[in-house]
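Reader: Please show me the model and its sequence. I will then ask what stands behind each label.

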Amino acid sequence: APAGVHAQLRAVQQGAAGHAEGDVVEGQQAHAAYVCAAAARRKGCPGGGVGLNAPQHLQDIPMATERTLSILKPDATRRNLTGKINAVFEGAGLRIVAQRRLHLSQQQAEAFYGAHRERGFFKDLVSFMVSGPVVVQVLEGADAIAQNRKVMGATNPANADAGTIRKLFAESIEANSVHGSDSPEAAAHEIGFFFAGTEIVG
């Protein structure tokens with residue numbers, strides 16, 4: 001969670017300390033509402049979001065500015081789609097704050113996708129990712145991780161929504177043009193795999 005989230009959570013907890021039991025319960029409910037409000041920005045809150053009974057300031061939590069890794073895959077660079085794909089990202093409010101074009105080595109691709117090493121598709125995935133140049137980049141924006149994945153569309157382009165990158169440009173499930181981090185932890189790891197902090201210019 002962003003620093004502002006932690007600060008407001010601490011305020012809720014401190015406000016509850018030393019008060020009557022009813023006030024403590026109210027503070028705990030506010031704490032839960034805050035967590036749900038933050039979670040609802042990405043995955044939704046159990047029971048259906050923040051709820052009408054949450055304090056108004058908890059309903060109005062702004063989306064956090066995040067960074068996420070984006071890769072334009074070999075099928076996209078082969079067809080000279082870098083500019084068109086990045087126009088979709090930028091049109092959705094995402095900023096490109098670092099970018100590099102490179103040809104992954106076998107070792108790099110195996111390391112990057114190491115979490116999938118035991119999966120049946122691992123060898124084909126690595127072979128595809130080393131088949132041509134890729135563009136690795138860092139996207140920044142409000143709720144960037146979820147926004148990027150929304151803009152990319154479903155892994156299978158046949159199931160992707162109209163207007164998404166994969167619906168517009170993907171050739172197949174494997175050659176689906178783009179990769180995007182799927183969580184804050186993955187984003188931090190994947191960005192660090194390709195970029196030093198000094199190379200990211202917001």
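Author: What follows sets the labels used for this chain against their definitions.

Author: This is a predicted model, in which local features need pLDDT of at least 70 and side-chain atom pairs count only at pLDDT 80 or more, while totals for chains, interfaces and linings use all residues. Residues are numbered from 1 along each chain as its sequence is written, and side-chain values use heavy atoms, with hydrogens and water left out.

Reader: How many helices and strands are in the chain, and what pattern does the chain follow?

Author: The chain has 10 helices and four strands. Helices (H or I, at least four residues) and strands (E, at least two) are DSSP runs, numbered from the N terminus. Along the sequence the pattern is α-α-α-β-α-α-β-α-α-β-α-α-β-α.

Reader: Why is Phe194 called buried, and why is Phe193 called partly exposed?

Author: Buried means under 20% relative accessible area, exposed over 50%, and partly exposed in between (1.4 Å probe, protein chains only). Phe194 has 9% relative accessibility and therefore counts as buried. Phe193 has a relative accessible area of 30%, so the label is partly exposed. Of the 202 residues in the chain, 40% are buried.

Reader: Which residues of α7 are buried, and how do you know that they line one face of the helix?

Author: In α7, residues 122-129, the buried ones are Phe122, Leu125, Val126, Phe128 and Met129. Viewed down the axis of α7, they fall within an arc of 160°, so they line one face. The arc is that of the directions from the helix axis to the C-beta atoms. Lys123 and Asp124 are exposed on the other side of α7.

Reader: What covers the buried residues of α7?

Author: The cover includes β1 (65-72), α4 (74-78), α6 (106-112) and β3 (134-142). Not counting residues up to four places away in sequence, Leu125 touches Tyr113 and Glu174. Contact here means heavy atoms within 4.5 Å.

Reader: What puts the buried residues of α5 on the same side?

Author: The buried residues of α5 (residues 82-91) are Ile85, Asn86 and Phe89. They cover an arc of only 95° around the axis, and therefore lie on the same side of α5. Gly83, Lys84 and Gly91 are exposed on the other side. An α-helix has 3.6 residues a turn, so residues three or four places apart point the same way. Just after α5, Gly93 has a positive phi of about 90°.

Reader: What makes the pair of Phe112 and Tyr113 edge-to-face?

Author: Rings of Phe, Tyr and Trp (its six-membered ring) pair if their centres lie within 6.5 Å; planes under 30 degrees apart count as stacked, over 60 as edge-to-face and the rest as tilted. Phe112 and Tyr113 are 4.9 Å centre to centre with 90° between the planes, and the pair is edge-to-face. Phe193 and Phe194 also have their centres 4.9 Å apart, with planes at 70°, so this pair is edge-to-face. The structure holds four aromatic pairs, and ring pairs link Phe112, Tyr113, Phe193 and Phe194 into a cluster.

Reader: Why is β3 described as largely enclosed, and how many bridges join β1 to β3?

Author: Eight of the nine residues of β3 are buried, so the rest of the structure largely encloses this strand. Two strands pair if DSSP finds at least two bridges between them. Eight bridges join β1 to β3, and the two run antiparallel. Among the partners, Arg67 is bridged to Glu140 in β3. Strand β2 (residues 95-102) pairs with β3 in the antiparallel sense over seven bridges, with Arg101 opposite Val135.

Reader: What makes a set of residues a nonpolar core, and how many residues has the largest one?

Author: A nonpolar core is a set of buried Ala, Val, Leu, Ile, Met, Phe, Trp, Tyr and Cys residues joined through side-chain atoms within 4.5 Å. The largest has 23 residues, and those with the most contacts inside it are Ile71, Leu104, Met129, Phe194 and Phe195. β1, β2, α6, α7, β3 and α10 (184-194) each supply at least two residues of this core, and α7 gives the most, with five. A second, separate core of 14 residues includes Ala76, Ile85, Ile165 and Phe169.
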